[in-house]
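This report describes selected strand pairings and packing contacts of secondary-structure elements. The sequence and the structure are shown first.

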Amino acid sequence: MGKSLFEKVWDRHIVEQLPGDNALVFIDRVVAHEITTPQGALEIEHDFGDALYDPQRIVAINDHVSPAKDADTAIQAQVLRVWAKRHGIRLYDIGDNGICHVVVPERGYVEPGMTLCCGDSHTCTLGAFGAFALGIGSSAQGGAMLASCLVLSRPKVMRVHVTGKLGNGATAKDLALTVIASIGFKGGTGYVLEYTGSAISALSMEERMTLCNMAIESGATTGIIAPDETTVAYLRGREQQPSGAEFDARAEAWLALRADEDATYDTSVAINGSAIRPVVSWGTNPGESAPITGTIPSDADPTSLTYMGLEAGQALRSIAVDQAFIGSCTNARLSDLRAAAEVFRGRKVAIPTIVTPGSQAVRRAAEREGLHDVFQDAGALWTHSSCGPCLGMSMGVIAPGTRCVSSSNRNFPGRMGADGRVHLASPAIVAASAILGRLGSPDELEPLPLAQSRGIAA
Amino acid sequence: MIISGSILALDRANIDTDQIIPARYLTGITKSGLGQYLFTGLPDGPGLLATKPGARILVTRENFGCGSSREHAAWALVDHGFQAVIAPSFARIFHENAYNNALTPIVLSDELIELALRAKSATIDVEQETLSLDGGAPLSFSLDPLRKQFILGGGFMRYLASKIPTIRAWEIASSQ
Ligand code: SF4
């Protein structure tokens, strides 16, 4: 019986089968950030003689509130800094940091076939590289630093087969939201989502990361995509990767890593990628979304609607928004900023709009292309990289009762600020909504004079 | 290990960890002191907690603890005095976090959850995996046989520490 890609990666990392359905799983790389790492690190210091299994396997990043917003968050960052220094752990800090799930791939810390964990649920982003990457709590994070292993029960595997090709303005974000809407926002619980099919192979690495980033939003342990030439091309030349023959040898091994032809899956879903349209969420979980041209479903959950201050049957494009946010580990890489800039170019925002790049490296790349001018000319705030308002901690927290259209991944009650309301969408939809002052898409915008649309100064 | 006390019923599904403890309170470096922020992400959460000040056992509906991996959710529950959470299902990360903090996570069928939501108190025998509602006949549940040991003795980190020699040997063998 053939094996899925996930099973192959899993099997290679089993140190020992444990009682129950559990296994001791070797972890190749541990990603540490300032919010969830100090607790485990301090426990190791107090109870286990400060001994880490292998500091070289750990990479640390100050990202969630960076720079710190107050004394408490400053202490968190400082604890991570001092700890990393003491153990010789590479730390990405103010000036050279970014959201961990953006920094780890762009520096080449993730590779096909690896296992990675981080005390952060969106670690599933890294599954885009054919790695088994999962979010865990702080105690498990401590365990992974202490022993380079996790105790895990083996997840089942769901094949998410996406045929056709994305078009008609649909992006990887629309695909991610569509997958969650079709399997349900707890439909992935207990599973790894293994994405296959022509629409998946056609995605760039950045798009694959957007898709895998939201696997957790269906409750799934993680997502995973088979490595291919796109993966190899992305990793070539990255900071932590070797060059020349050594890289080529790695690439050869990566390309051999794929599901068997006759792989069996615990369950499968099929999605026609060509039929996907731009969507936006209307409710209080990422599964509650609908095409932007449509209406709120008649059977919408009344509790969600009450919280969101909306009614069943309402046209999504009639919903006025108070703030727009382009950022987060879902959609703040260079291609996302380009997509947003395309919409902003030559236009003005109607509501407060914040654009936060996924990393400082993305920020610099965007500025080399002049995207920062496009955002600022449109009246948006262009910030340094951080998690920012995505989790309602800093840099643009929203007021109670207000509505934010966001390129992030969670619309839970209070996520971006107490009693605030969040609509999830792709960067292009967020940008168009920022200009319209209501939920809407780029095709609704007035066409620009030719000279302006080419970015030529008037 | 026996857990005995009054029940707080949170009759809602899909309580995510942002509602259990919003991110604005994740600014510490230790696991303690978070009980005061428990359920502040639920508009009526603090009021609900006030109705049952000494509750030891939380009963709720499916998919409890979904969303963010923040272990602060388990820490806040423990710090507030909860020793067990009963639900038809838990999100994976929360489920692991609960075991790692000796917050016994008990999965019951939908039918039994209805009874538990209406009960005033419960007595739980963690070793025997039985529970009695309002002094009634014992009902059985099952815990993960390994993670149960984390609750009963020593905790998760200590268990992993004991495995380090095995892990080192495996790593050497598998790199050859
Ligand atoms: S950007 Fe948002 S979702 Fe991503 S890691 Fe930061 S807080 Fe979490």
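The sections below treat a sheet in chain A, two hairpins in chain B and a helix pair in chain A of this predicted model.

## The three-stranded sheet of chain A

Chain A contains an open sheet of three strands in the order E1-E2-E8, and the pairing is antiparallel. Its edges are formed by E1 (14-17) and E8 (149-153), each of which pairs on one side only. From one strand to the next, the twist averages 25 degrees.

Three bridges connect E1(A) with E2(A), the latter covering residues 22-26, in the antiparallel sense. Within this pairing, Gln17(A) lies opposite Ala23(A) of E2(A). A helix of the other chain, H8(B) (residues 164-174), packs on the sheet and touches E1, E2 and E8 of chain A. The direction of H8(B) makes about 130 degrees with that of E1(A).

Strand E5(B), residues 121-125, runs antiparallel to strand E6(B), residues 130-133, and four bridges join the two. Ala122(B) is placed opposite Leu133(B) of E6(B). The two strands form a hairpin with four residues between them, and Glu129(B) in the turn has a positive phi of about 60 degrees.

E6(B) also pairs with strand E7(B), residues 139-140, through two bridges in the antiparallel sense. Here Leu131(B) has Leu139(B) of E7(B) as its bridge partner. Five residues separate the strands of this hairpin, where Asp134(B) adopts a positive phi near 50 degrees.

## Packing of H12 and H15 in chain A

Two packed helices are described by the angle between their axes and the distance between the axes. For H12(A) (residues 334-344) and H15(A) (residues 427-436), the angle is about 30 degrees and the axes are 8 Å apart. Because angles under 35 degrees count as roughly parallel, H12(A) is classed as roughly parallel to H15(A). The crossing of H12(A) and H15(A) is right-handed.

H12(A) contributes Asp336(A), Ala340(A), Val343(A) and Phe344(A) to the contact. From H15(A) come Pro427(A), Ala428(A), Ala431(A), Ala432(A), Ala434(A) and Ile435(A). By class, the residues of this contact comprise nine nonpolar, no polar and one charged.

Terms used:
Residues are numbered from 1 along each chain as its sequence is written. Chains are lettered from A and ligands numbered from 1 in the order in which they are written. This is a predicted model: local features need pLDDT of at least 70, side-chain atom pairs count only at pLDDT 80 or more; totals for chains, interfaces and linings use all residues. Side-chain values use heavy atoms; hydrogens and water are left out. Two strands pair if DSSP finds at least two bridges between them. Axes are lines fitted to C-alpha atoms, for helices over the stretch in contact, and angles run from 0 to 180 degrees between N-to-C directions. Contact means heavy atoms within 4.5 Å. Angles under 35 degrees count as roughly parallel, over 145 as roughly antiparallel, 65 to 115 as roughly perpendicular and the rest as oblique. A crossing is left-handed if the near helix is turned anticlockwise from the far one by less than a right angle, and right-handed if clockwise. Ala, Val, Leu, Ile, Met, Phe, Trp, Tyr, Cys and Pro count as nonpolar, Asp, Glu, Lys and Arg as charged, and the others, Gly among them, as polar.
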